[in-house]
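User: I have a structure to go through with you. Can we take it piece by piece?

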Amino acid sequence: MCIYPQHWGFPALTEPSASPAGSLGIFEVRRDASGCSMLAPLQTGAARFSSYLLSRARKVLGSHLFSPCGVPEFCSISTRKLAAHGFGASMAAMVPFPPQRYHYFLVLDFEATCDKPQIHPQEIIEFPILKLNGRTMEIESTFHMYVQPVVHPQLTPFCTELTGIIQGMVDGQPSLQQVLERVDEWMAKEGLLDPNVKSIFVTCGDWDLKVMLPGQCQYLGLPVADYFKQWINLKKAYSFAMGCWPKNGLLDMNKGLSLQHIGRPHSGIDDCKNIANIMKTLAYQGFIFKQTSKPF
């Protein structure tokens with residue numbers, strides 16, 4: 001039985017130069033005669049897992065190895081302890097993961113007009129979506145457009161500093177209505193409107209699809225497509241998987257999983273790439289993503 005339910009596991013770290021080159025393995029938990037759990041290596045081909053790495057992992061987990069395997073609290077604690085000691089950074093490179101409930105995840109992260117104090121109404125100015133394959137957790141397609149704001153067409157210095165979006169990037173771009181039409185065309189082209197294909201949006205928080213899009217559509221008198229009305233809040237998913245709430249959003253989640261931040265904070269497309277990377281890492285740890293939004 002693996003250390004995590006649903007085939008969770010850890011690939012080995014790079015060994016010291018004195019160790020045999022290419023030795024890789026995956027940890028598992030085996031029960032002894034008394035029913036206690038102990039850490040052992042899964043062999044991969046002819047490669048043998050070194051005693052150095054095994055002793056390191058046992059030292060990191062300590063007393064948690066002697067808890068019942070498969071208990072969620074044990075799994076969550078073990079994840080955090082091993083990740084904190086460098087065992088989580090390259091995990092997704094080797095370990096198979098259980099099937100997800102969705103064929104595709106649609107990772108979305110808006111950027112909008114803003115200022116201090118806040119302007120009203122806010123308007124979407126960057127509209128990125130990444131199509132993530134639910135079987136491989138790899139990005140298969142990208143939708144990315146900038147949007148012309150109409151109520152406050154001039155971006156504030158605060159907005160540009162925060163998002164990196166300059167005036168020339170939104171001037172002359174399609175309106176939100178036109179962009180939503182192109183999203184629908186892209187969804188159809190990608191086969192996402194097929195009733196036999198299960199897909200769901202993923203956001204970092206509830207703001208994008210609970211507040212921003214429906215609020216602007218209501219202001220402009222535009223309908224909201226049904227596929228925007230259910231989503232996964234990655235912050236909630238991360239808290240379920242890791243047992244702690246990411247107060248600083250993507251920065252905390254990347255840190256908790258020993259991942260490098262991709263690109264520029266508050267760039268919509270870069271934030272989407274970070275969300276996708278976090279999802280891939282959690283999936284390879286065995287986490288099954290579920291809808292977190294409540295029906296409208």
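User: What am I looking at, and what are the ground rules?
Analyst: This is a predicted model, where local features need pLDDT of at least 70, side-chain atom pairs count only at pLDDT 80 or more, and totals for chains, interfaces and linings use all residues. Residues are numbered from 1 along each chain as its sequence is written, and side-chain values use heavy atoms, with hydrogens and water left out.

User: Start with S5. How many of its residues are buried?
Analyst: 10 of the 10 residues of strand S5 (residues 124–133) are buried, so S5 is largely enclosed by the rest of the structure. Buried means under 20% relative accessible area, exposed over 50%, partly exposed in between (1.4 Å probe, protein chains only). Strands (E, at least two residues) and helices (H or I, at least four) are DSSP runs, numbered from the N terminus.

User: Which strands pair with S5?
Analyst: Strand S3 (residues 104–108) pairs with S5 in the antiparallel sense over 5 bridges. Strand S4 (residues 111–112) is antiparallel to S5 too, with 2 bridges. With strand S6 (residues 139–146), S5 forms 7 bridges, again antiparallel. Pairing requires that DSSP finds at least two bridges between two strands.

User: Which residues stand opposite each other?
Analyst: Tyrosine 104 faces asparagine 133 in S5. Alanine 112 has isoleucine 124 of S5 as its bridge partner. Leucine 132 is opposite isoleucine 139 in S6.

User: And what lies between S5 and S6?
Analyst: They form a hairpin with 5 residues between them. In the turn, methionine 137 has a positive phi of about 60 degrees.

User: Switching to charges. How many salt bridges are there in the whole structure?
Analyst: A search of the whole structure finds 6. The criterion is a side-chain nitrogen of Lys or Arg within 4 Å of a carboxyl oxygen of Asp or Glu.

User: What does lysine 131 pair with?
Analyst: Glutamate 140, with the closest N and O atoms 3.9 Å apart. Lysine 131 counts as buried, at 5% relative accessibility. Glutamate 140 is partly exposed at 44%. Both belong to a salt-bridge network that links Lys131, Glu140, Lys189 and Glu190.

User: Which pair links distant parts of the chain?
Analyst: Aspartate 206 and lysine 236 meet in a salt bridge at 3.6 Å, N to O. Aspartate 206 sits in the loop between strand S7 (199–203) and H6, while lysine 236 is in helix H7, 30 residues apart. Lysine 236 is partly exposed, at 27% relative accessibility.

User: OK, H7 then. Which of its residues are buried?
Analyst: In helix H7 (residues 234–242), the buried ones are Leu234, Ala237, Tyr238, Ser239, Ala241 and Met242.

User: What happens at its ends?
Analyst: Asparagine 233 caps the N-terminal end of H7, with a side-chain oxygen 2.9 Å from the backbone nitrogen of lysine 235. Just after H7, glycine 243 takes a positive phi of about 80 degrees.

User: Last one, phenylalanine 289. Buried or exposed?
Analyst: Buried, at 0% relative accessibility. Phenylalanine 289 is in the segment after helix H9 (268–284).

User: What does phenylalanine 289 touch?
Analyst: Not counting residues up to four places away in sequence, its contacts include Tyr102, Phe105, Met137, Leu234, Ala237 and Met279. Contact means heavy atoms within 4.5 Å. The C-alpha atoms of phenylalanine 289 and tyrosine 102 are separated by 8.4 Å, with the two residues 187 apart along the chain.

Key: Polar contact = N/O pair within 3.5 Å; in protein donor to acceptor, adjacent residues only side chain to side chain.
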